[in-house]
Amino acid sequence: MPVSFSSPEFKKYKFKELKVYSSTEWLANNRKKYRQVFDRFSTSYVYAELTFYNKFFDHKVWEVNVEFKCYMIKGKKKEVCNLSFKKKVSKYDSVIFVREGWGNKKDGAFWKNGTYYWEAWIEGELVATKYFYVEDVGLDFELSGNTAFSIKSLKLYEGQFDDVMAEERKYYKNFSTRDTRYIHSEILLENHKKNMNWHCELFIKYYNEAKELKGQIIRLINVKKGMDIISTSAGWGSNTPASWRKGKYSVEIIFMDRTVATIHYEVVDDFEEGIPEVHLPYEEFSTPFADHTQPDLSFEEVMAKLDKLVGLQEIKTKVKDHAQYIKFLNLRKEKGFKEDDRINIHSVFRGNPGTGKTTVAKMMGQLYHKMGLLKKGHVHEVDRVDLVGEYIGQTAPKVKEAIAKARGGVLFIDEAYALARSNDDSKDFGREVIEILVKEMSNGTGDFAVIVAGYPKEMTNFIDSNPGLRSRFKHYFEFRDYTPQELLQIADLAARDKEIDFDPKAQVVLDDIITEEYRRRSVSFGNARYVHDLLDKAKINLGLRIMARKNPDKLSLGDLKRITLKDMNRLQKEEKLLIPEIPVDDKLLKLALDELNSLIGIENVKSQIEELVDIVRYHREAGRSVISSFSFHTVFVGNPGTGKTTVARILTKLYKALGVLERGHIVETDRQGLIAGFVGQTAIKTAERIDEAMGGVLFIDEAYALSNFNGMQGDFGNEAIQTILKRMEDNRGEFFVFAAGYPGNMETFLKANPGLSSRFDKTFHFEDYTEIQLFEIAQKMVKDKSMRLSAKAGAEMKNLLTELYRTRDKYFGNARTVRKLIVELVKHQNLRYSKLPIEKRTKKNERLISYEDVLKLDILADSKAFKKKGIGFKRD
């Protein structure tokens with residue numbers, strides 16, 4: 001039987017909720033900022049909000065008696081306040097809000113740290129109890145974030161409503177719109193208040209791209225004294241897949257009414273594993289925020305790990321000394337000495353590739369973390385491409401983002417010398433990177449170490465490129481090349497990691513290969529990296545041999561891991577480059593040799609080329625590899641007009657005829673064809689020219705201009721040289737480089753880079769033509785134009801060229817000068833012949849160059865055009 005409105009048993013309300021808050025700020029839908037944990041020194045009043053349903057809604061107005069009681073629990077219950085009042089209930093309100101609070105208008109004046117609760121009474125009946133906590137955690141939300149904890153790791157994973165076991169979690173940075181159910185946030189915080197019990201209240205809010213709230217989860221964590229890590233997780237979604245639409249989303253983590261982190265992720269077609277970008281409110285850029293210090297090794301364990309590395313004795317000693325000195329400084333600070341709070345831990349690592357620089361840098365990060373100098377100790381690795389922008393205004397944001405990602409750990413800049421390509425080039429934004437780093441290392445917010453690494457010589461130049469760098473980097477570590485014995489130890493360890501071993505004969509071959517590679521190493525020798533690559537290739541050969549057998553699945557474990565002599569021999573064959581199987585073109589070979597022999601002079605060059613042709617033919621006939629025996633990269637040295645370009649074209653035809661080149665074409669270029677005007681474009685432009693020359697010859701005229709242009713040290717020419725050298729090594733035998741230029745300049749060019757002289761092992765010297773050869777060249781040029789010299793004209797021409805040869809300087813153009821004279825001579829003959837009356841023009845004299853024509857030549861015309869006026873009085 002229903003109870004009537006007038007019955008004394010009828011309740012005019014139905015309890016809805018009791019909440020607690022301290023901020024009087026109004027939110028949408030008549031809401032407040034509800035919390036259960038408050039900071040003692042930032043709290044003035046704490047309010048209770050009681051809500052209940054009005055059963056007389058739309059019927060009548062009535063009054064209700066409400067009582068709020070607050071108690072503190074400290075050993076025993078102690079009453080804080082008792083607030084009683086009547087409230088008029090409107091018939092137009094379906095839900096009634098009753099709010100009252102207690103405290104003092106001055107923050108921190110009334111509430112002490114402890115556990116409290118509100119009681120709500122309606123008409124003398126206790127309807128609800130709500131606990132809240134006042135904590136003295138010393139909040140400081142300045143640049144360094146709060147002081148209660150620091151974020152150790154933030155990750156996202158997918159699962160159902162009732163969460164996923166930690167060992168079964170798979171972490172993603174993007175989620176599948178088709179398969180995603182709940183998206184869970186895994187939160188690990190490093191507790192900074194280990195000396196006390198306290199309550200940590202986190203609000204985890206999920207937003208879509210329009211910042212509409214999808215869901216909120218509140219986690220109230222009872223943090224016990226001595227607890228190192230605060231761990232929790234929270235998820236939002238549905239147990240039914242495909243409930244997430246494509247788009248960008250975020251998860252905000254809120255503590256004490258402040259956002260402490262925002263996780264960004266996307267819902268797309270497929271899952272993408274990884275750590276999502278996290279934005280911290282005191283950082284300018286987002287960064288992945290995983291638990292970088294896992295596994296959490298002690299200081300002693302990290303040092304023991306360093307000791308286990310092969311070789312690096314000097315480095316180990318210096319790292320230990322460095323660590324001990326930092327401990328000494330910390331000890332002095334503890335004893336009251338006035339030490340600088342910011343200990344300099346920025347370092348320079350100098351060494352060739354594969355010498356352990358990155359590995360040691362990671363250990364340095366862990367050591368600094370354990371010594372309290374860095375919060376996380378992770379390593380963020382970058383190079384020039386990650387830091388330098390293509391256009392004005394792009395570099396600074398990239399550098400600041402890299403610093404933000406490295407904050408709390410190590411910013412490791414590999415090949416840092418590439419940032420200082422030129423001291424005088426205003427277009428190179430690498431200098432801007434250096435200036436920002438110097439400023440951040442001097443006056444920044446700290447909590448990061450910079451380690452710059454690269455080749456020894458280049459790193460010295462890098463440090464000298466900016467006065468501020470030398471004063472910021474106090475620690476220098478020299479990573480020397482591994483010895484053959486150390487490389488073999490590395491090979492042994494690498495073989496264990498790859499679960500392979502070598503039979504005795506294969507081991508002998510491996511030792512020989514490594515030792516020989518060490519002997520002929522250059523500055524680009526890969527050290528440990530080379531050893532790992534070598535073992536990977538051997539393992540591939542093992543796999544190919546095993547899979548070629550019948551029933552490989554029935555072989556023993558030993559057979560599946562043992563590398564034999566056959567695998568190593570195949571590896572040696574792979575390293576030998578094969579020339580294209582193109583037969584010798586005898587017809588083209590004869591034409592090219594005839595063309596070479598028809599050239600006047602350069603007998604020494606002809607002889608060298610003919611010997612080269614004979615040797616190549618012999619090797620081809622004997623079935624030997626020509627490319628593995630010879631380097632065809634050639635330097636052409638000589639003054640202007642001595643036939644360098646002509647011979648280069650003929651030599652290309654010869655290589656084509658001999659089957660050494662696949663296509664046999666020549667791509668002619670110079671500095672202008674290789675160098676670009678902006679950072680990073682030169683390598684692209686040079687690579688394009690090389691790609692054009694693949695299967696043929698890249699002919700670089702005036703190649704010396706690449707090494708030192710207009711006296712400017714460095715510039716983009718060095719970038720072109722480095723690109724060419726790398727391609728000469730990577731594409732050995734697939735194209736040849738001919739570099740031409742003047743004698744003195746080419747010598748400087750070859751000495752400018754250690755790799756140049758070793759790549760070009762063949763040099764052709766083109767001597768100046770003699771006066772007799774110059775006259776022979778002139779006669780040939782006249783004949784090629786279907787003209788002829790009269791006897792007297794020929795004698796005069798010979799005298800003229802003799803005088804020209806006698807007075808020549810280093811700018812003398814040789815055949816180029818002769819060609820210019822012949823063009824001028826033919827012009828004079830044509831003008832003279834055109835003025836003759838038609839009746840005097842005959843076929844006999846139409847092609848005849850006369851003595852008078854030669855007399856009109858002015859061999860000093862060029863020198864007169866550039867003759868400077870003297871100082872003094874002009875004589876009559």
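**Strand pairing and helix packing in the predicted model**

Three strands form an open sheet in the order S9-S11-S14, with antiparallel pairing. The description rests on a predicted model. Strand S9 (149-159) and strand S14 (229-237) stand at the edges of this sheet; each has a single partner strand, so one side of each is left without a neighbour in the sheet. On average, neighbouring strands here are turned by 15 degrees against each other, direction ignored. The pairing of strand S11 (residues 182-191) with S14 is antiparallel and extends over nine bridges. Within S14, Gly 237 is the residue that stands opposite Tyr 182.

A further set of pairings involves strand S7 (residues 114-122). This strand is mostly covered, with seven of its nine residues buried. Strand S4 (residues 62-74) pairs with S7 in the antiparallel sense over eight bridges, and Tyr 116 in S7 is the bridge partner of Met 72. S7 also pairs with strand S8 (residues 125-135), again in the antiparallel sense, over nine bridges. In S8, Lys 130 stands opposite Trp 118. S7 and S8 form a hairpin in which two residues lie between the strands. Glu 123, in the turn of this hairpin, has a positive phi of about 55 degrees. In a regular strand, side chains alternate between the two faces of the sheet.

The packing of helices was examined next. Two packed helices are described by the angle between their axes and the distance between the axes. Helix H9 (residues 484-497) packs with helix H11 (residues 528-547) at an angle of about 45 degrees, and their axes are 9 Å apart. Because of this angle, H9 is oblique to H11. The crossing in which H9 passes H11 is right-handed. On the side of H9, the contact is made by Leu 487, Ile 490, Ala 491, Ala 494 and Ala 495. H11 contributes Ala 528, Val 531, His 532 and Leu 535. The residues of this contact comprise eight nonpolar, one polar and no charged.

Strand S24 (residues 475-479) contains His 475. The relative accessibility of His 475 is 18%, and the residue therefore counts as buried, since buried means under 20% relative accessible area. When neighbours within four places in sequence are left aside, His 475 is in contact with His 322, Asn 344, Ile 345, His 346, Ser 347 and Val 348.

Conventions. Residues numbered from 1 in each chain as written. Predicted model: local features only at pLDDT ≥ 70, side-chain atom pairs only at ≥ 80, totals over all residues. Heavy atoms only, no water. Helix = DSSP H or I, 4+ residues; strand = E, 2+ residues; numbered from the N terminus. Buried < 20%, exposed > 50% of the residue type's maximum accessible area, 1.4 Å probe, protein only. Contact = heavy atoms within 4.5 Å. Axes fitted to C-alpha atoms, helices over the stretch in contact; angles between N-to-C directions. Parallel < 35°, antiparallel > 145°, perpendicular 65-115°, else oblique. Left-handed = near helix turned anticlockwise from the far one by under 90°. Nonpolar A, V, L, I, M, F, W, Y, C, P; charged D, E, K, R; others polar. Pairing = 2+ DSSP bridges.
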